[in-house]
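Trainee: I have just opened this entry and would like to go through it with you. Could we begin with the overall picture and then turn to the details?

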Amino acid sequence: MADRLQLDTRPTLEDVARVAGVSRATVSRVVNGKRDVGSEIQETVRAAIAATGYVPNRAARSLATQRAGTVVVVVSGAGAPVDGTTTTEVDFTDPFFGRLVGGLLRALRPQDINPVLMLAETDADRARVMAFVRGGNAEGALFVTTQPDDPLPEMFGEARLPLVMFARPGKPIPVNFVDVANRDGAALAAAHLVSLGRRSIVTISGPLAVPAAQDRLSGFRDALARHGQAYVPTATGDFSFESGAEAMRSLLTEVPDLDGVFAANDHMALAAMGILEASGRRVPQDVSVIGFDDSAIAALTRPGLTSVRQPFEEMAAAMVRILLDQLADPTRRVSSVIFEPTLTVRGSA
């Protein structure tokens with residue numbers, strides 16, 4: 001093995017890869033303790049690490065502070081509508097937040113990283129999060145928000161602090177994120193309704209300031225246009241149960257003969273089912289209903305709710321992997337992972 005490299009800057013993963021004669025990705029997997037690398041290659045990489053003097057960022061901080069690595073799980077918007085009003089009441093019984101945050105915590109556990117949950121509903125909350133990470137109390141952050149104009153990602157970027165978001169940010173900024181192909185998921189719902197013979201189809205969108213809601217609406221409209229339905233009556237909700245009920249009432253007034261409904265999340269779809277049944281419409285005999293998320297409650301209703309599945313657990317694990325890769329190599333470019341949705345068919349459609 002070559003003598004210790006004389007480098008002008010701190011050794012990087014690329015330096016280790018060059019000395020070991022392997023790819024950067026292989027070095028990253030060894031550094032992060034992945035088990036799918038052969039023992040001989042692991043030994044070669046470890047020797048190269050010793051030769052270059054490379055120290056992962058997380059390990060260096062742990063040695064300096066004598067504490068295990070810590071990551072902040074930041075939640076914003078769990079208790080606030082997208083109309084700008086705020087509340088510190090975060091409802092983790094909401095299937096979206098509960099399932100996603102639970103997935104993040106489970107993904108962090110085997111990585112020997114301590115998660116710290118922080119809320120960021122107000123400017124003061126965001127200042128506390130920034131101070132906590134800037135002060136060396138955490139290596140970086142995993143961020144979940146429903147607020148399209150949330151300033152926290154830009155604040156992390158300006159401070160050059162590692163951050164991974166769930167879902168595409170509301171505006172184009174250089175930030176890591178993990179998302180589902182929302183347009184494709186909505187297209188699956190449209191194709192399924194058409195296959196059932198539904199011809200008077202409506203949709204309940206989410207708040208259109210949110211990129212996911214925009215994509216689900218446009219994907220649904222485009223798919224139905226391909227099947228000859230040029231106009232899709234639409235009512236907008238805010239992802240809440242109450243807004244779904246109100247939207248369904250409005251659509252029943254506008255389109256009395258509707259026979260298919262796609263809602264942008266399961267909460268609104270379940271509310272729509274309740275309104276339809278209260279109005280004398282049978283689900284699925286008279287009206288087929290499809291939601292989005294495939295949350296736990298989708299399987300508990302009668303009939304069960306057909307829903308586009310977001311693989312929350314896999315998406316949470318990807319967020320953790322991206323953050324660990326960036327901690328191992330602070331020079332790493334921001335990246336994204338987009339998951340493919342599937343349709344879980346139950347009794348509602």
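Trainee: How many helices and strands does the secondary structure of the chain come to?

Mentor: Please keep in mind that this is a predicted model. Its chain has twelve helices and twelve strands.

Trainee: And what share of the residues count as buried?

Mentor: Of the 349 residues in the chain, 54% count as buried.

Trainee: What about contacts between residues with a separation of 6 or more: what percentage comes from residues 24 or more positions apart?

Mentor: Those residues account for 73% of such contacts in the chain.

Trainee: Let us look inside. How many residues does the largest nonpolar core have?

Mentor: That core has 44 residues, and the ones with the most contacts inside it are Leu 104, Leu 142, Phe 166, Phe 220 and Phe 262.

Trainee: Which helix gives the largest share of this core?

Mentor: Helix H12, which spans residues 312–328, supplies ten residues, the largest share.

Trainee: I would like to follow up on Leu 142. Which residues is Leu 142 in contact with, leaving aside neighbours within four places in sequence?

Mentor: Leu 142 touches the run Val 71, Val 72, Val 73 and Val 74, and also Leu 104, Leu 108 and Val 164.

Trainee: Changing topic to the helices: at what angle do the axes of H1 and H2 cross?

Mentor: Helix H1 (residues 13–20) and helix H2 (residues 24–31) have axes that come within 8 Å and cross at roughly 105 degrees. H1 is therefore roughly perpendicular to H2.

Trainee: Which residues make that contact?

Mentor: On the H1 side they are Leu 13, Glu 14, Val 16 and Ala 17, and on the H2 side Arg 24, Val 27, Ser 28 and Val 31. Sorted by class, five are nonpolar, one is polar and two are charged.

Trainee: How do the axes of H1 and H3 cross, then?

Mentor: The axes of H1 and helix H3 (residues 39–52) come within 8 Å and cross at roughly 120 degrees. This makes H1 oblique to H3, and the crossing is right-handed.

Trainee: Which residues meet there?

Mentor: Asp 15, Val 16, Val 19 and Ala 20 of H1 meet Thr 44, Val 45, Ala 48, Ile 49 and Thr 52 of H3. This contact has six nonpolar, two polar and one charged residues.

Trainee: What is the phi of Phe 239?

Mentor: Phe 239 has a positive phi of about 80 degrees although it is not a glycine. Phe 239 lies in the loop between strand E7 (234–236) and helix H10 (241–254). Asp 293, not a glycine either, has a positive phi of about 125 degrees, and its place is in strand E9.

Trainee: Is Asp 293 buried or exposed?

Mentor: Asp 293 is buried, because its relative accessible area is 9% and the cut-off for buried is under 20%.

How values were computed:
Residues numbered from 1 in each chain as written. Predicted model: local features only at pLDDT ≥ 70, side-chain atom pairs only at ≥ 80, totals over all residues. Heavy atoms only, no water. Core = buried A, V, L, I, M, F, W, Y, C linked by side-chain atoms within 4.5 Å. Buried < 20%, exposed > 50% of the residue type's maximum accessible area, 1.4 Å probe, protein only. Helix = DSSP H or I, 4+ residues; strand = E, 2+ residues; numbered from the N terminus. Contact = heavy atoms within 4.5 Å. Axes fitted to C-alpha atoms, helices over the stretch in contact; angles between N-to-C directions. Parallel < 35°, antiparallel > 145°, perpendicular 65-115°, else oblique. Nonpolar A, V, L, I, M, F, W, Y, C, P; charged D, E, K, R; others polar. Left-handed = near helix turned anticlockwise from the far one by under 90°.
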